[in-house]
Amino acid sequence: MSKSVPAFLQDEVSGSVMSVYSGDFGNLEVKGNIQFAIDYVDSLKELHVFVAQCKDLAAADVKKQRSDPYVKTYLLPDKGKMGKKKTLVVKKTLNPVYNEILRYKIEKQILKTQKLNLSVWHRDTFKRNSFLGEVELDLETWDWDNKQNKQLKWYPLKRKTAPVALEAENRGEMKLALQYVPEPIPGKKLPTTGEVHIWVKECLDLPQLRGSHLNSFVKCIILPDTSRKSRQKTRAVGKTTSPVFNHTMVYDGFRPEDLTEACVELTVWDHYKLTNQFLGGLRIGFGTGKSYGTEVDWMDSTSEEVALWEKMVKSPNTWIEATLPLRMLLIAKISK
């Protein structure tokens, strides 16, 4: 990144975002089939996804008619690291054989609120991914006692699920306020960098993924900085779908021009035992699709999110309040 990038964003890669759909989709045709089976092992409290093989995949290398495919699985709606599993890459083939078991430690009751997403990807020499197709199973109605459901089956690969469909689910709302303080040090004559204050007030009507046992908290990072040191979070509030947090987070090092390039990512999580389940989030910025001259997929704010950011920029030293609908996000990966 150039020297024009402020100190709080130095040494970060602006495009370091992972997701269920991370990578370059290219213009590859979606074709072929995948063979797999699923089973729940009660004694281990584990879901086992046995990925056997694929056949007749699209060729990423058209000349040589081959791809370097691998299979990635997610338990939706969790698109974070905890929910992702993947097979090894099998090189130079359109008919890869895997015979791998991908395991998820999860209660059977929670599994009934999930969807299993299997997607096939080509991994090229530069570790870029190209989408080759996907299959999605709704586990809410899955009959785990049916022996036929434990057998290997072939499924046709389909095109990517439209993001609109994923975001159509009701994920609740967040009530918050933002403020930009241009000069936090009073009486200083030289221009200083400012602060962005984020006041997370409460969430309303959060989705319940495991009955009534909700234990939610909010995480915040300022993209493109994905370092752990930039992450702040609220305390967890249990036993309610409308938790009150009243937590203010402060980020310094903002020059006025940085407000055009940065984006506030707020995500709501349900903490259960050793795992955190993603419930929904916001990305508040100008939604330009770019940051410091680089195209990034996280600069994707909705019109409501953009409106809040614009009001904050135009009204320094003033709290700007809004209640925004939470949505499905391509979650940013936390770097070291």
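A polar contact is a pair of N or O atoms within 3.5 Å; within protein, one atom must be able to donate a hydrogen and the other to accept it. The views below show a predicted model.

**View 1. A polar contact between Q35 and Q53.** The side chains of Q35 and Q53 make a polar contact at 2.7 Å. Q35 belongs to strand β1, which spans residues 33-41.

View 2. Q35 has a relative accessibility of 12%. Buried means under 20%, so Q35 counts as buried. Neighbours within four places in sequence are left aside here.

**View 3. Strand β3 is largely enclosed.** Strand β3 covers residues 69-76. Of its 8 residues, 8 are buried, so the rest of the structure largely encloses the strand. Both faces are covered. On one side lie P69, V71, T73 and L75, all buried.

**View 4. Strand β3 beside strand β6.** Strand β6 runs over residues 115-123. β3 and β6 pair in the antiparallel sense, with 8 bridges. Y74 has N117 of β6 as its bridge partner.

**View 5. Strand β3 beside strand β4.** Strand β4 comprises residues 84-86. The pairing of β3 with β4 is antiparallel and has 3 bridges. Here T73 stands opposite K85 of β4.

How values were computed: Residues numbered from 1 in each chain as written. Predicted model: local features only at pLDDT ≥ 70, side-chain atom pairs only at ≥ 80, totals over all residues. Heavy atoms only, no water. Buried < 20%, exposed > 50% of the residue type's maximum accessible area, 1.4 Å probe, protein only. Helix = DSSP H or I, 4+ residues; strand = E, 2+ residues; numbered from the N terminus. Pairing = 2+ DSSP bridges. Contact = heavy atoms within 4.5 Å.
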